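Me: Hi! Could you walk me through the strands in this one?

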Amino acid sequence: MAKITFVEHDGTKHTVEGEIGSTVMETALRNQIGGIVAECGGACTCATCLVHVDDAWSEKVGKPSPEEEDMLDFAFEVKPTSRLSCQIKVTEALDGLIVHTPAYQGR
C-alpha cells in the first residue's frame, strides 16, 4: 500500500491508502474522493480524472504518454504538472504522493 493525499480545490485534504498496481483514479473512486469523475472508467478517453501532481512529485510520476497528452487537450485547468489519474500506476515509489483535484472536470 502507498499513501496518496488528494487535495481538493478548496484545500480539503484526504490521505488514503492506494493498492500497489492500481491507479490513482481507482484509489480516488474507491475512497469516494471528490473531484474525480472518471466517466470512461480509466480507458484514457474522457479526461475527467485530471489531477495536478504536486511539484515535488512531478518527476517521480513522470510525463504523460502521447495518448494521454492528446486527452489532456480536452481537459479543463491543464497545468504543466497535469496528468490523468487513470494513467498513474500506484507503486511503492509513489508512497506519499500528493495530487490536487481541479474545481471542475468536464469535456
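**Strand β1 and its neighbours**

Reply: Strand β1 (residues 2–7) runs parallel to strand β5 (residues 97–100), and four bridges join the two. Strands here are DSSP runs (E, at least two residues), numbered from the N terminus, and two strands pair if DSSP finds at least two bridges between them. This is a predicted model: local features need pLDDT of at least 70, side-chain atom pairs count only at pLDDT 80 or more, and totals for chains, interfaces and linings use all residues. Residues are numbered from 1 along each chain as its sequence is written, and side-chain values use heavy atoms, with hydrogens and water left out.

Me: Which residues in β5 stand opposite Ile 4 and Val 7?
Reply: Ile 4 faces Leu 97, while Val 7 has His 100 opposite.

Me: And what about β1 and β2, parallel or antiparallel?
Reply: Antiparallel, with six bridges between them.

Me: Why is β1 largely enclosed?
Reply: Five of its six residues are buried, so the rest of the structure largely encloses β1. Buried means under 20% relative accessible area (1.4 Å probe, protein chains only).

Me: Switching topic: what's the strand order in the sheet?
Reply: β2-β1-β5-β3-β4, in an open sheet of five strands with mixed pairing. The edge strands, β2 (13–18) and β4 (82–84), each pair on one side only.

Me: How many degrees does the twist average?
Reply: It averages 35° from one strand to the next, using axes fitted to C-alpha atoms and angles from 0 to 180 degrees between N-to-C directions.

Key
Buried means under 20% relative accessible area, exposed over 50%, partly exposed in between (1.4 Å probe, protein chains only).
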